[in-house]
Amino acid sequence: MYVRRKEEGDWEQSRGPFSSERMPSLQSLRRKIAAFKNTQKITKAMKMVAAAKLKRSQDRILSARPYAHKMRGVLSNLSRRVNRSSHPLLQKREGKRIEVLVVTSDRGLCGGFNGNIVRKSSEFVRQCESRGLQVNLSIIGRKGRDYFRRRSWPIRQEWTGIFDKLSFEHAIDIGGDLTDNFVKGTFDELYVVYNEFKSAIQQRVIVEKLFPVDAQVEFGAAQMEGTTSGSYLYEPDEAELLNALVPKHFQVQAYRILLESAAAEHGARMAAMDGATRNAGQLIKKVTLYYNKTRQAAITKELMDIVGGAEALK
Amino acid sequence: MAGKILLEVVTPERQLLSQQVDEVIAPGSEGEFGVLPGHCHFLSTLRIGELRYRIDGQTHSMAVLWGFAEVTPTKVTVMAEIAEKAEDIDVERATVKVAEAERRLQAGGLPSEVKEAQISLEKARLRKKIAERTRKTGHA
């Protein structure tokens, strides 16, 4: 659970939440409690909403993953066999221009979700620049765009407001843009930085290379076998098949990445709002206790005054 | 029999099937092709058609609408835009769709509309055919 240690310490030492004032009025304490309660209601509601959305987006990503991974498997298999120059999207260029696609969310209040992405991307970009590469950004999500725009980083392309109604159309749009620009030579390599959905409460920041396609080794035995057994049959012919398959691959990968990020975002928001609700609960408890103590003190003081006054009259 | 071959069918929506089978017959864009264990490496696009696979003498079938198939000696991976198992197809709905598509085709219109109608007719007919056969025999 997330607890602000320092603040809690301060709390104990000082006389209460309003250490600057000597003695807070009871009314101001009541107001404070009411305010905390309102905040807690909001965070609780946001948590519920995030949980509901998480469920849906989780189902989507989990069912989309096998297809995307198979696709990647087939393509990396293929890229080892065919002549790379036979399709513009498979080319490997010795190039200095790198593009980083940063996938953030449109909305905030989701804990470290965007912060992690932004930090990782900046780190990655700096690394590339120190190797003398020229880096451009393209950005998905309002939060990332705002961040990088404020720091006036070079942004080539941006997509915002797509997470509310995520569909394959967006993936086609993004995939299309990326493939076009790769073919045009806007960049020679493309990396994607995004949050992978690990579980409802865990996200992992991933830096993934999308262009050019790499032959992967991770597919193990079946593929090793494949490499030795020579030729491959294509139907229809190789060129036509690549034309159908390769652009599709990038759309599917873009779709998968969008879904990963969406699910991760809802997970992160749910966890963050859960923490916030609990923190608010603690604050309420503390201030309520302090409020009651203060009230008691005031009553006692008044009583003593009365008793003292009565004594004096005797 | 040289053992079995792993058949995996995935669509963007979900993984539909992952099973050891004896034989696969798939609707390649250049014609149907059969795959037995130990098939050579092969990559093909698929058209709208019926995918059949045999497990222990039982033939099952499903409708696949476009996609790709990758064949290795031990594995067949079918990546289809849409795939439906025969037993999951709703016959009534397919029948309605056939009628609808036929009507649209009759009505004519722009070339693109006609083409679309043709495709949806083909899809619907396929679904209906597979589903009805499954109904009748209990299995495909």
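Me: What span should the 17 residues of helix α1 of chain B have at 1.5 Å a residue, and how far apart are its end C-alpha atoms?

Reply: Bear in mind that this is a predicted model. At 1.5 Å a residue, α1(B) (residues 91-107) should span 24 Å, and its end C-alpha atoms are 24 Å apart, which agrees.

Me: Which residues of α1(B) are buried?

Reply: B:Ala94, B:Val98 and B:Ala101 are. They cover an arc of only 75 degrees around the axis, so they sit on the same side of α1(B).

Me: Why do residues three or four places apart in an α-helix point the same way?

Reply: Because an α-helix has 3.6 residues a turn.

Me: And which exposed residues are on the face turned away from the buried side of α1(B)?

Reply: That face carries B:Glu92, B:Ala99, B:Arg103, B:Gln106 and B:Ala107. Just after the helix, B:Gly108 takes a positive phi of about 70 degrees.

Me: Now chain A. Why is strand β2 largely enclosed by the rest of the structure?

Reply: Count the buried residues: five of the seven in β2(A) (residues 134-140) are buried, so the strand is largely enclosed.

Me: Which strands does β2(A) pair with?

Reply: On one hand, seven bridges join it to β1(A) (residues 97-103), and the two run parallel. In that pairing, A:Arg97 has A:Gln134 as its bridge partner. The chain gets from β1(A) to β2(A) through helix α3 (residues 113-130), in a right-handed β-α-β crossover. On the other hand, four bridges join β2(A) to β3(A) (residues 155-159), also parallel. There, A:Ile139 stands opposite A:Glu158. With helix α4 (residues 142-150) of chain A, β2(A) and β3(A) make a right-handed β-α-β unit.

Methods
Residues are numbered from 1 along each chain as its sequence is written. Chains are lettered from A and ligands numbered from 1 in the order in which they are written. This is a predicted model: local features need pLDDT of at least 70, side-chain atom pairs count only at pLDDT 80 or more; totals for chains, interfaces and linings use all residues. A residue is buried if 20 or more other C-beta atoms lie within 10 Å of its own, exposed if 12 or fewer, and partly exposed in between; C-beta atoms are placed from the backbone. Two strands pair if DSSP finds at least two bridges between them. A crossover is right-handed if, with the strands pointing away from the viewer, the path from the first strand over the helix to the second runs clockwise. The expected span of a helix is 1.5 Å times one less than its number of residues. The arc is that of the directions from the helix axis to the C-beta atoms.
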